[in-house]
Amino acid sequence: MATNQDRVNFGSKIGAILAAAGSAVGLGNIWRFPYETGNHGGAAFILIYLLCIVLLGLPIMIAEFSIGRHSRANTAGAYNVLAPGTPWRGVGYMGVLAGFLILSYYSVVAGWTLEYTWQAISNGFAGMNAEGYTQFFTNFSANPWRSVLWMVVFMVMTHMVILMGVKKGIEKSAKIMMPMLFILIIVLVVCSVTLPGADKGLAFLLKPDFSKVNADVFLGAMGQAFFSLSLGLGCLSTYASYFGKDTNLSKTALSVGVIDTMVAIMAGLIIFPAAFSVGVSPDAGPSLLFITLPNVFQMAFGDVPFLAYIFSVMFYVLLALAAFTSTISMHEVVTAFVHEDWKFSRKKAAWYVTIFCTLLGVLSALSFGVLADMKIFGLTFFDFLDTLTSKVMLPLGGMLISIFTGWYLDRRIVWDELTNEGSLKVPFFKVYIFIMKYLAPVAIGLIFLNELGIW
Ligand code: PHE
(Lines give C-alpha, C1' and ligand atoms only; values in the text may rest on other atoms or scores of the structure.)
Protein backbone atom coordinates (compact mmCIF):
# COMPACT_ATOMS: atom_id res chain seq x y z
CA MET A 1 0.00 0.00 0.00
CA ALA A 2 1.30 3.39 -0.95
CA THR A 3 0.23 5.23 2.15
CA ASN A 4 2.86 6.00 4.71
CA GLN A 5 2.07 7.77 7.94
CA ASP A 6 5.64 8.73 8.70
CA ARG A 7 6.37 10.37 5.43
CA VAL A 8 8.11 13.72 5.53
CA ASN A 9 6.13 16.92 5.81
CA PHE A 10 6.87 20.45 4.75
CA GLY A 11 8.47 22.17 7.73
CA SER A 12 6.20 25.21 7.85
CA LYS A 13 2.91 26.57 6.58
CA ILE A 14 4.61 29.32 4.63
CA GLY A 15 6.89 26.68 3.10
CA ALA A 16 3.81 24.73 1.99
CA ILE A 17 2.22 27.84 0.48
CA LEU A 18 5.40 28.87 -1.33
CA ALA A 19 5.99 25.38 -2.70
CA ALA A 20 2.42 25.15 -4.04
CA ALA A 21 2.61 28.72 -5.35
CA GLY A 22 5.95 27.84 -6.94
CA SER A 23 4.26 25.02 -8.80
CA ALA A 24 1.45 27.29 -9.93
CA VAL A 25 3.55 30.28 -10.93
CA GLY A 26 5.42 29.33 -14.05
CA LEU A 27 5.73 29.80 -17.78
CA GLY A 28 1.94 29.58 -17.85
CA ASN A 29 1.71 32.94 -16.11
CA ILE A 30 4.37 34.78 -18.05
CA TRP A 31 4.37 32.97 -21.37
CA ARG A 32 0.80 31.83 -21.93
CA PHE A 33 -1.36 34.25 -19.96
CA PRO A 34 -0.28 37.43 -21.78
CA TYR A 35 -0.74 35.98 -25.24
CA GLU A 36 -4.06 34.37 -24.39
CA THR A 37 -5.12 37.78 -23.06
CA GLY A 38 -3.81 39.47 -26.19
CA ASN A 39 -5.69 37.08 -28.45
CA HIS A 40 -8.96 37.12 -26.54
CA GLY A 41 -9.86 40.74 -25.98
CA GLY A 42 -7.70 41.91 -23.10
CA ALA A 43 -9.57 42.65 -19.90
CA ALA A 44 -12.71 40.78 -21.04
CA PHE A 45 -10.64 37.61 -21.08
CA ILE A 46 -9.18 38.43 -17.69
CA LEU A 47 -12.65 38.76 -16.17
CA ILE A 48 -13.71 35.37 -17.51
CA TYR A 49 -10.41 33.92 -16.36
CA LEU A 50 -11.01 35.24 -12.85
CA LEU A 51 -14.45 33.67 -12.88
CA CYS A 52 -12.89 30.31 -13.84
CA ILE A 53 -10.35 30.64 -11.03
CA VAL A 54 -12.96 31.41 -8.37
CA LEU A 55 -15.72 29.02 -9.44
CA LEU A 56 -13.67 26.07 -10.73
CA GLY A 57 -9.99 26.51 -9.94
CA LEU A 58 -10.04 27.16 -6.21
CA PRO A 59 -12.71 24.54 -5.37
CA ILE A 60 -10.87 21.88 -7.37
CA MET A 61 -7.59 22.90 -5.75
CA ILE A 62 -9.19 22.39 -2.32
CA ALA A 63 -10.39 18.96 -3.51
CA GLU A 64 -6.86 18.02 -4.61
CA PHE A 65 -5.50 19.24 -1.28
CA SER A 66 -8.05 17.12 0.61
CA ILE A 67 -7.33 14.01 -1.45
CA GLY A 68 -3.58 14.40 -1.00
CA ARG A 69 -3.49 15.24 2.67
CA HIS A 70 -6.05 12.63 3.68
CA SER A 71 -4.37 9.78 1.84
CA ARG A 72 -0.79 10.93 2.45
CA ALA A 73 0.18 9.26 -0.79
CA ASN A 74 1.21 10.11 -4.35
CA THR A 75 -1.64 10.87 -6.70
CA ALA A 76 -2.21 7.31 -7.95
CA GLY A 77 -1.69 5.82 -4.48
CA ALA A 78 -4.23 8.30 -3.12
CA TYR A 79 -7.09 6.60 -4.95
CA ASN A 80 -5.88 3.24 -3.69
CA VAL A 81 -6.33 4.55 -0.16
CA LEU A 82 -9.58 6.44 -0.68
CA ALA A 83 -11.30 4.15 -3.19
CA PRO A 84 -9.52 0.79 -3.10
CA GLY A 85 -10.27 -1.64 -5.89
CA THR A 86 -12.17 0.90 -8.00
CA PRO A 87 -11.37 2.37 -11.41
CA TRP A 88 -10.82 5.76 -9.75
CA ARG A 89 -7.17 4.81 -9.66
CA GLY A 90 -7.19 5.60 -13.37
CA VAL A 91 -7.56 9.30 -12.52
CA GLY A 92 -4.29 9.04 -10.61
CA TYR A 93 -2.55 7.22 -13.45
CA MET A 94 -3.73 9.80 -15.93
CA GLY A 95 -2.32 12.51 -13.65
CA VAL A 96 1.08 10.85 -13.42
CA LEU A 97 1.15 10.48 -17.18
CA ALA A 98 0.11 14.12 -17.66
CA GLY A 99 2.86 15.24 -15.28
CA PHE A 100 5.41 13.21 -17.21
CA LEU A 101 4.27 14.54 -20.58
CA ILE A 102 4.09 18.17 -19.49
CA LEU A 103 7.52 17.98 -17.88
CA SER A 104 8.97 16.64 -21.12
CA TYR A 105 7.89 19.54 -23.34
CA TYR A 106 7.81 22.24 -20.68
CA SER A 107 11.50 21.73 -20.01
CA VAL A 108 12.22 22.56 -23.65
CA VAL A 109 10.84 26.09 -23.20
CA ALA A 110 12.41 26.19 -19.74
CA GLY A 111 15.73 25.46 -21.47
CA TRP A 112 15.15 28.40 -23.82
CA THR A 113 14.86 30.67 -20.78
CA LEU A 114 18.41 29.64 -19.85
CA GLU A 115 19.73 30.40 -23.33
CA TYR A 116 18.04 33.80 -23.23
CA THR A 117 19.32 34.49 -19.72
CA TRP A 118 22.77 33.67 -20.98
CA GLN A 119 22.36 35.90 -24.04
CA ALA A 120 21.01 38.72 -21.88
CA ILE A 121 23.91 38.45 -19.42
CA SER A 122 26.54 38.32 -22.16
CA ASN A 123 24.80 41.26 -23.88
CA GLY A 124 24.18 39.17 -26.99
CA PHE A 125 21.00 41.11 -27.88
CA ALA A 126 22.59 44.54 -28.06
CA GLY A 127 22.24 46.27 -31.43
CA MET A 128 20.05 43.61 -33.06
CA ASN A 129 17.10 44.72 -35.18
CA ALA A 130 13.62 43.15 -35.31
CA GLU A 131 14.64 40.76 -38.05
CA GLY A 132 17.72 39.78 -36.09
CA TYR A 133 15.61 38.60 -33.17
CA THR A 134 13.38 36.49 -35.38
CA GLN A 135 16.41 35.00 -37.04
CA PHE A 136 18.09 34.35 -33.73
CA PHE A 137 15.07 32.54 -32.31
CA THR A 138 14.46 30.48 -35.44
CA ASN A 139 18.08 29.44 -35.70
CA PHE A 140 18.41 28.71 -32.04
CA SER A 141 15.19 26.72 -31.59
CA ALA A 142 15.90 24.74 -34.75
CA ASN A 143 19.47 23.95 -33.73
CA PRO A 144 19.34 20.33 -32.54
CA TRP A 145 22.28 20.64 -30.15
CA ARG A 146 21.70 23.92 -28.44
CA SER A 147 18.07 23.50 -27.47
CA VAL A 148 18.59 19.88 -26.39
CA LEU A 149 21.62 20.89 -24.37
CA TRP A 150 19.74 23.59 -22.44
CA MET A 151 16.81 21.27 -21.89
CA VAL A 152 19.12 18.66 -20.40
CA VAL A 153 20.71 21.31 -18.15
CA PHE A 154 17.26 22.30 -16.90
CA MET A 155 16.28 18.70 -16.29
CA VAL A 156 19.48 18.05 -14.33
CA MET A 157 18.87 21.13 -12.17
CA THR A 158 15.38 19.86 -11.43
CA HIS A 159 16.74 16.40 -10.69
CA MET A 160 19.15 17.82 -8.09
CA VAL A 161 16.39 19.53 -6.14
CA ILE A 162 14.26 16.39 -6.17
CA LEU A 163 17.22 14.36 -4.88
CA MET A 164 17.59 16.75 -1.97
CA GLY A 165 14.12 15.75 -0.87
CA VAL A 166 10.86 17.38 0.15
CA LYS A 167 12.09 19.66 2.94
CA LYS A 168 15.65 20.45 1.94
CA GLY A 169 14.99 20.41 -1.79
CA ILE A 170 11.44 21.42 -2.72
CA GLU A 171 10.55 23.55 0.29
CA LYS A 172 13.88 25.26 0.69
CA SER A 173 14.26 26.09 -2.98
CA ALA A 174 10.74 27.58 -3.03
CA LYS A 175 11.54 29.67 0.03
CA ILE A 176 14.59 31.10 -1.71
CA MET A 177 13.31 31.44 -5.26
CA MET A 178 9.77 32.71 -4.73
CA PRO A 179 10.79 35.91 -2.83
CA MET A 180 13.41 36.56 -5.52
CA LEU A 181 10.72 36.16 -8.14
CA PHE A 182 8.39 38.59 -6.33
CA ILE A 183 11.09 41.25 -6.09
CA LEU A 184 12.08 40.91 -9.74
CA ILE A 185 8.52 41.10 -10.96
CA ILE A 186 7.71 44.21 -8.91
CA VAL A 187 10.81 46.04 -10.15
CA LEU A 188 10.01 45.10 -13.75
CA VAL A 189 6.38 46.26 -13.47
CA VAL A 190 7.49 49.63 -12.10
CA CYS A 191 10.01 50.08 -14.93
CA SER A 192 7.51 49.09 -17.59
CA VAL A 193 4.50 51.15 -16.50
CA THR A 194 6.60 54.30 -16.21
CA LEU A 195 7.71 54.16 -19.85
CA PRO A 196 6.35 56.93 -22.07
CA GLY A 197 3.15 55.78 -23.78
CA ALA A 198 2.67 52.92 -21.33
CA ASP A 199 -0.92 54.01 -20.66
CA LYS A 200 -2.11 52.44 -23.92
CA GLY A 201 -0.87 49.08 -22.70
CA LEU A 202 -2.60 49.61 -19.38
CA ALA A 203 -5.86 50.49 -21.11
CA PHE A 204 -5.59 47.34 -23.23
CA LEU A 205 -5.14 45.23 -20.12
CA LEU A 206 -7.74 46.95 -17.97
CA LYS A 207 -10.55 47.99 -20.36
CA PRO A 208 -12.72 45.03 -21.33
CA ASP A 209 -13.72 44.52 -24.97
CA PHE A 210 -16.70 42.15 -24.78
CA SER A 211 -17.15 42.06 -28.54
CA LYS A 212 -14.38 39.45 -28.70
CA VAL A 213 -16.00 37.09 -26.20
CA ASN A 214 -17.20 33.79 -27.66
CA ALA A 215 -17.14 30.11 -26.64
CA ASP A 216 -13.51 29.87 -27.58
CA VAL A 217 -12.66 32.51 -25.03
CA PHE A 218 -14.28 30.41 -22.32
CA LEU A 219 -12.35 27.31 -23.33
CA GLY A 220 -9.15 29.34 -23.49
CA ALA A 221 -9.79 30.82 -20.05
CA MET A 222 -10.61 27.46 -18.49
CA GLY A 223 -7.63 25.68 -20.02
CA GLN A 224 -5.41 28.52 -18.90
CA ALA A 225 -6.84 28.44 -15.36
CA PHE A 226 -6.15 24.70 -15.01
CA PHE A 227 -2.68 24.89 -16.48
CA SER A 228 -1.73 27.96 -14.50
CA LEU A 229 -2.94 26.58 -11.17
CA SER A 230 -1.26 23.19 -11.90
CA LEU A 231 -4.65 21.51 -11.54
CA GLY A 232 -6.12 18.26 -12.79
CA LEU A 233 -3.04 16.03 -12.62
CA GLY A 234 -2.62 15.57 -8.89
CA CYS A 235 0.37 17.85 -8.65
CA LEU A 236 -1.11 19.82 -5.80
CA SER A 237 -2.49 16.66 -4.22
CA THR A 238 1.05 15.26 -4.18
CA TYR A 239 2.29 18.44 -2.48
CA ALA A 240 -0.66 18.33 -0.07
CA SER A 241 0.39 14.84 0.98
CA TYR A 242 3.31 16.67 2.63
CA PHE A 243 1.10 19.30 4.35
CA GLY A 244 0.88 19.29 8.14
CA LYS A 245 -2.37 18.49 9.97
CA ASP A 246 -2.86 22.12 10.97
CA THR A 247 -2.56 23.57 7.45
CA ASN A 248 -5.78 25.38 6.56
CA LEU A 249 -6.58 23.98 3.11
CA SER A 250 -9.03 26.66 1.95
CA LYS A 251 -6.77 29.47 3.09
CA THR A 252 -3.76 27.87 1.40
CA ALA A 253 -5.73 27.45 -1.83
CA LEU A 254 -6.80 31.09 -1.66
CA SER A 255 -3.21 32.24 -1.12
CA VAL A 256 -1.94 30.15 -4.02
CA GLY A 257 -4.76 31.39 -6.27
CA VAL A 258 -4.14 35.03 -5.36
CA ILE A 259 -0.36 34.77 -5.84
CA ASP A 260 -0.75 32.98 -9.16
CA THR A 261 -3.28 35.48 -10.50
CA MET A 262 -1.28 38.48 -9.29
CA VAL A 263 1.85 37.18 -11.01
CA ALA A 264 -0.06 36.59 -14.26
CA ILE A 265 -1.54 40.08 -14.22
CA MET A 266 1.81 41.59 -13.30
CA ALA A 267 3.41 39.75 -16.21
CA GLY A 268 0.80 41.49 -18.37
CA LEU A 269 1.75 44.78 -16.69
CA ILE A 270 5.36 44.20 -17.72
CA ILE A 271 4.71 43.09 -21.27
CA PHE A 272 1.85 45.27 -22.58
CA PRO A 273 2.97 48.73 -21.43
CA ALA A 274 6.48 48.04 -22.82
CA ALA A 275 5.09 46.67 -26.10
CA PHE A 276 2.58 49.51 -26.62
CA SER A 277 5.17 52.06 -25.68
CA VAL A 278 7.21 51.08 -28.74
CA GLY A 279 4.18 50.34 -30.91
CA VAL A 280 4.51 46.54 -31.14
CA SER A 281 1.36 44.41 -31.41
CA PRO A 282 0.75 42.38 -28.25
CA ASP A 283 -1.10 39.42 -29.82
CA ALA A 284 2.05 37.98 -31.29
CA GLY A 285 1.49 34.40 -30.09
CA PRO A 286 3.97 32.23 -28.23
CA SER A 287 6.91 33.92 -29.88
CA LEU A 288 5.99 37.02 -27.84
CA LEU A 289 8.52 36.21 -25.12
CA PHE A 290 11.41 35.17 -27.29
CA ILE A 291 11.16 37.36 -30.37
CA THR A 292 9.01 40.38 -29.61
CA LEU A 293 10.13 41.10 -26.08
CA PRO A 294 13.92 41.19 -26.44
CA ASN A 295 13.33 43.69 -29.22
CA VAL A 296 10.80 45.67 -27.19
CA PHE A 297 13.24 45.90 -24.28
CA GLN A 298 16.03 47.18 -26.51
CA MET A 299 13.76 49.75 -28.13
CA ALA A 300 12.07 50.89 -24.93
CA PHE A 301 15.28 51.43 -23.02
CA GLY A 302 17.56 51.92 -26.01
CA ASP A 303 18.55 55.46 -24.96
CA VAL A 304 20.15 54.04 -21.85
CA PRO A 305 21.76 50.75 -22.95
CA PHE A 306 22.54 49.81 -19.38
CA LEU A 307 18.82 49.90 -18.49
CA ALA A 308 17.98 47.72 -21.49
CA TYR A 309 20.65 45.30 -20.33
CA ILE A 310 19.48 45.12 -16.70
CA PHE A 311 15.83 44.88 -17.71
CA SER A 312 16.49 41.94 -20.08
CA VAL A 313 18.64 40.09 -17.57
CA MET A 314 16.03 40.48 -14.82
CA PHE A 315 13.22 39.42 -17.12
CA TYR A 316 14.86 36.20 -18.29
CA VAL A 317 16.07 35.30 -14.80
CA LEU A 318 12.47 35.77 -13.68
CA LEU A 319 11.26 33.41 -16.39
CA ALA A 320 13.86 30.78 -15.52
CA LEU A 321 12.99 30.94 -11.80
CA ALA A 322 9.29 30.65 -12.50
CA ALA A 323 9.84 27.66 -14.77
CA PHE A 324 12.17 25.98 -12.29
CA THR A 325 9.76 25.89 -9.33
CA SER A 326 7.17 24.38 -11.71
CA THR A 327 9.36 21.67 -13.23
CA ILE A 328 10.28 20.61 -9.70
CA SER A 329 6.61 20.02 -8.91
CA MET A 330 5.94 18.00 -12.07
CA HIS A 331 9.00 15.86 -11.43
CA GLU A 332 7.82 15.23 -7.87
CA VAL A 333 4.40 13.97 -9.06
CA VAL A 334 6.06 11.25 -11.10
CA THR A 335 8.96 10.52 -8.74
CA ALA A 336 6.65 10.11 -5.71
CA PHE A 337 4.56 7.66 -7.73
CA VAL A 338 7.49 5.59 -9.01
CA HIS A 339 9.04 5.56 -5.55
CA GLU A 340 5.94 4.64 -3.56
CA ASP A 341 4.00 2.46 -5.96
CA TRP A 342 6.75 0.74 -7.87
CA LYS A 343 8.92 0.50 -4.75
CA PHE A 344 12.13 1.94 -6.14
CA SER A 345 14.30 4.02 -3.83
CA ARG A 346 13.54 7.72 -4.17
CA LYS A 347 16.92 8.26 -5.76
CA LYS A 348 16.44 5.55 -8.37
CA ALA A 349 12.90 6.73 -9.05
CA ALA A 350 14.15 10.26 -9.66
CA TRP A 351 16.80 8.96 -12.06
CA TYR A 352 14.28 6.99 -14.09
CA VAL A 353 11.98 10.00 -14.36
CA THR A 354 14.83 12.28 -15.40
CA ILE A 355 16.20 9.90 -18.01
CA PHE A 356 12.91 8.94 -19.67
CA CYS A 357 11.56 12.46 -19.55
CA THR A 358 14.71 13.81 -21.14
CA LEU A 359 14.48 11.23 -23.93
CA LEU A 360 10.91 12.23 -24.66
CA GLY A 361 11.81 15.89 -24.34
CA VAL A 362 14.36 15.52 -27.11
CA LEU A 363 11.50 14.80 -29.52
CA SER A 364 9.75 18.01 -28.47
CA ALA A 365 12.96 20.00 -28.71
CA LEU A 366 13.66 18.67 -32.19
CA SER A 367 10.13 19.38 -33.35
CA PHE A 368 11.21 23.01 -33.83
CA GLY A 369 13.88 21.91 -36.29
CA VAL A 370 14.78 18.57 -37.80
CA LEU A 371 11.50 16.92 -36.74
CA ALA A 372 9.28 19.85 -37.74
CA ASP A 373 7.61 17.70 -40.40
CA MET A 374 6.72 14.87 -38.05
CA LYS A 375 3.05 15.67 -37.44
CA ILE A 376 0.48 14.06 -35.15
CA PHE A 377 -3.10 15.14 -35.96
CA GLY A 378 -1.53 17.92 -37.97
CA LEU A 379 0.47 19.23 -34.99
CA THR A 380 4.18 19.13 -34.27
CA PHE A 381 5.16 16.82 -31.43
CA PHE A 382 5.54 19.79 -29.07
CA ASP A 383 2.15 21.29 -29.96
CA PHE A 384 0.51 17.90 -29.81
CA LEU A 385 1.69 17.29 -26.23
CA ASP A 386 0.73 20.82 -25.21
CA THR A 387 -2.78 20.48 -26.66
CA LEU A 388 -3.30 16.94 -25.37
CA THR A 389 -2.34 17.84 -21.81
CA SER A 390 -3.68 21.36 -21.33
CA LYS A 391 -6.85 21.13 -23.41
CA VAL A 392 -7.81 17.50 -22.70
CA MET A 393 -6.04 15.77 -19.83
CA LEU A 394 -6.06 18.59 -17.26
CA PRO A 395 -9.71 19.67 -17.66
CA LEU A 396 -10.76 16.00 -17.82
CA GLY A 397 -8.72 15.30 -14.68
CA GLY A 398 -10.30 18.33 -12.99
CA MET A 399 -13.77 17.14 -13.92
CA LEU A 400 -13.15 13.62 -12.59
CA ILE A 401 -11.62 14.99 -9.38
CA SER A 402 -14.71 17.10 -8.75
CA ILE A 403 -17.03 14.15 -9.46
CA PHE A 404 -14.94 11.97 -7.16
CA THR A 405 -15.08 14.54 -4.36
CA GLY A 406 -18.74 15.44 -4.84
CA TRP A 407 -20.25 12.01 -5.45
CA TYR A 408 -17.89 9.28 -4.27
CA LEU A 409 -15.78 10.48 -1.39
CA ASP A 410 -17.31 10.16 2.07
CA ARG A 411 -18.73 13.59 2.98
CA ARG A 412 -17.19 13.19 6.45
CA ILE A 413 -13.67 13.03 4.94
CA VAL A 414 -14.25 16.21 2.94
CA TRP A 415 -15.62 17.92 6.06
CA ASP A 416 -12.69 16.77 8.22
CA GLU A 417 -10.16 17.97 5.69
CA LEU A 418 -11.76 21.37 5.13
CA THR A 419 -12.32 22.05 8.84
CA ASN A 420 -9.20 20.30 10.17
CA GLU A 421 -11.45 17.86 12.02
CA GLY A 422 -13.88 20.47 13.20
CA SER A 423 -11.43 23.07 14.46
CA LEU A 424 -12.00 25.57 11.62
CA LYS A 425 -15.24 27.27 10.61
CA VAL A 426 -16.19 26.61 7.00
CA PRO A 427 -19.46 28.46 6.35
CA PHE A 428 -19.29 27.77 2.61
CA PHE A 429 -19.31 23.96 2.94
CA LYS A 430 -22.74 23.45 1.32
CA VAL A 431 -21.86 25.74 -1.58
CA TYR A 432 -18.60 23.88 -1.92
CA ILE A 433 -20.30 20.51 -2.21
CA PHE A 434 -22.74 21.97 -4.73
CA ILE A 435 -19.84 23.15 -6.88
CA MET A 436 -18.11 19.75 -6.69
CA LYS A 437 -21.29 17.82 -7.41
CA TYR A 438 -22.90 19.90 -10.12
CA LEU A 439 -21.32 23.14 -11.16
CA ALA A 440 -17.76 22.03 -11.91
CA PRO A 441 -18.59 18.79 -13.76
CA VAL A 442 -21.37 20.42 -15.80
CA ALA A 443 -19.37 23.56 -16.65
CA ILE A 444 -16.30 21.61 -17.70
CA GLY A 445 -18.46 19.09 -19.58
CA LEU A 446 -20.24 21.82 -21.54
CA ILE A 447 -17.01 23.53 -22.46
CA PHE A 448 -15.68 20.16 -23.64
CA LEU A 449 -18.76 19.40 -25.75
CA ASN A 450 -18.47 22.81 -27.25
CA GLU A 451 -14.88 22.16 -28.17
CA LEU A 452 -15.84 18.92 -29.87
CA GLY A 453 -18.49 20.84 -31.77
CA ILE A 454 -21.37 18.85 -30.25
CA TRP A 455 -22.89 21.70 -28.26
N1 PHE B 1 1.34 25.92 -13.38
C2 PHE B 1 2.53 25.87 -14.16
C3 PHE B 1 2.66 27.14 -14.96
O4 PHE B 1 1.84 28.02 -14.89
C5 PHE B 1 2.57 24.69 -15.08
C6 PHE B 1 2.27 23.39 -14.45
C7 PHE B 1 1.24 22.61 -14.93
C8 PHE B 1 3.01 22.95 -13.37
C9 PHE B 1 0.94 21.41 -14.34
C10 PHE B 1 2.72 21.74 -12.76
C11 PHE B 1 1.69 20.98 -13.27
O12 PHE B 1 3.59 27.29 -15.70
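**Aromatic pairs, burial and the ligand**

Guide: Phe-429 has a relative accessibility of 12% and therefore counts as buried. Please bear in mind that this is a predicted model.

Visitor: By what is a pair of aromatic rings described?

Guide: The description rests on the distance of the centres and the angle of the planes. In the case of Phe-137 and Phe-290, the ring centres are 6.0 Å apart and the planes stand at 15°, so this pair is stacked. Phe-137 belongs to helix H6 (residues 130-142), while Phe-290 sits in the loop between helix H12 (249-277) and helix H13 (292-300); the pair therefore ties together parts that are 153 residues apart in sequence. Phe-137 and Phe-290 are both buried.

Visitor: Is the pair of Trp-415 and Phe-429 stacked or edge-to-face?

Guide: Trp-415 and Phe-429 form an edge-to-face pair, because their planes are at 85°, with the ring centres 5.1 Å apart. Trp-415 is part of helix H17 (residues 411-419) and Phe-429 of helix H18 (residues 429-451), so parts 14 residues apart in sequence are tied together. Whereas Phe-429 is buried at 12%, Trp-415 counts as partly exposed, with 29% relative accessibility.

Visitor: Which residues lie over the face of a ring?

Guide: Arg-32 lies over the face of Phe-227, 4.6 Å from the ring centre. Lys-437 is placed over the face of Trp-407, at 4.5 Å from the ring centre.

Visitor: Which residues come nearest to the ligand?

Guide: There are 15 residues around the ligand, and those that come nearest are Ala-24, Gly-28, Tyr-106, Phe-227 and Ser-230. An oxygen atom of the ligand lies 2.8 Å from a backbone N or O atom of Gly-28. A polar backbone atom of Ser-228 is 3.0 Å from a nitrogen atom of the ligand, and an N or O atom in the side chain of Ser-230 is 3.0 Å from a nitrogen atom of the ligand. The ligand taken alone exposes 320 Å², of which the protein buries 100%.

Visitor: Is Leu-181 buried or exposed?

Guide: Leu-181 has a relative accessible area of 1%, so this residue is buried. Leu-181 is found in helix H8 (residues 166-193). Leaving aside neighbours within four places in sequence, Leu-181 is in contact with Val-25, Val-263, Leu-318, Leu-321 and Ala-322. Between Leu-181 and Phe-315, 134 residues apart in sequence, the C-alpha to C-alpha distance is 9.9 Å.

Key. Residues are numbered from 1 along each chain as its sequence is written. This is a predicted model: local features need pLDDT of at least 70, side-chain atom pairs count only at pLDDT 80 or more; totals for chains, interfaces and linings use all residues. Side-chain values use heavy atoms; hydrogens and water are left out. Helices (H or I, at least four residues) and strands (E, at least two) are DSSP runs, numbered from the N terminus. Buried means under 20% relative accessible area, exposed over 50%, partly exposed in between (1.4 Å probe, protein chains only). Contact means heavy atoms within 4.5 Å. Rings of Phe, Tyr and Trp (its six-membered ring) pair if their centres lie within 6.5 Å; planes under 30 degrees apart count as stacked, over 60 as edge-to-face and the rest as tilted. A charge sits over a ring if NZ of Lys or CZ of Arg is within 6 Å of the ring centre and within 35 degrees of the ring normal. A residue is near a molecule or strand if one of its heavy atoms lies within 4 Å of it. A polar contact is a pair of N or O atoms within 3.5 Å; within protein, one must be able to donate a hydrogen and the other to accept it, and residues adjacent in sequence count only if both atoms are side-chain atoms. Accessible areas come from the Shrake-Rupley method with a 1.4 Å probe; for residues, only the protein chains shown count as cover.
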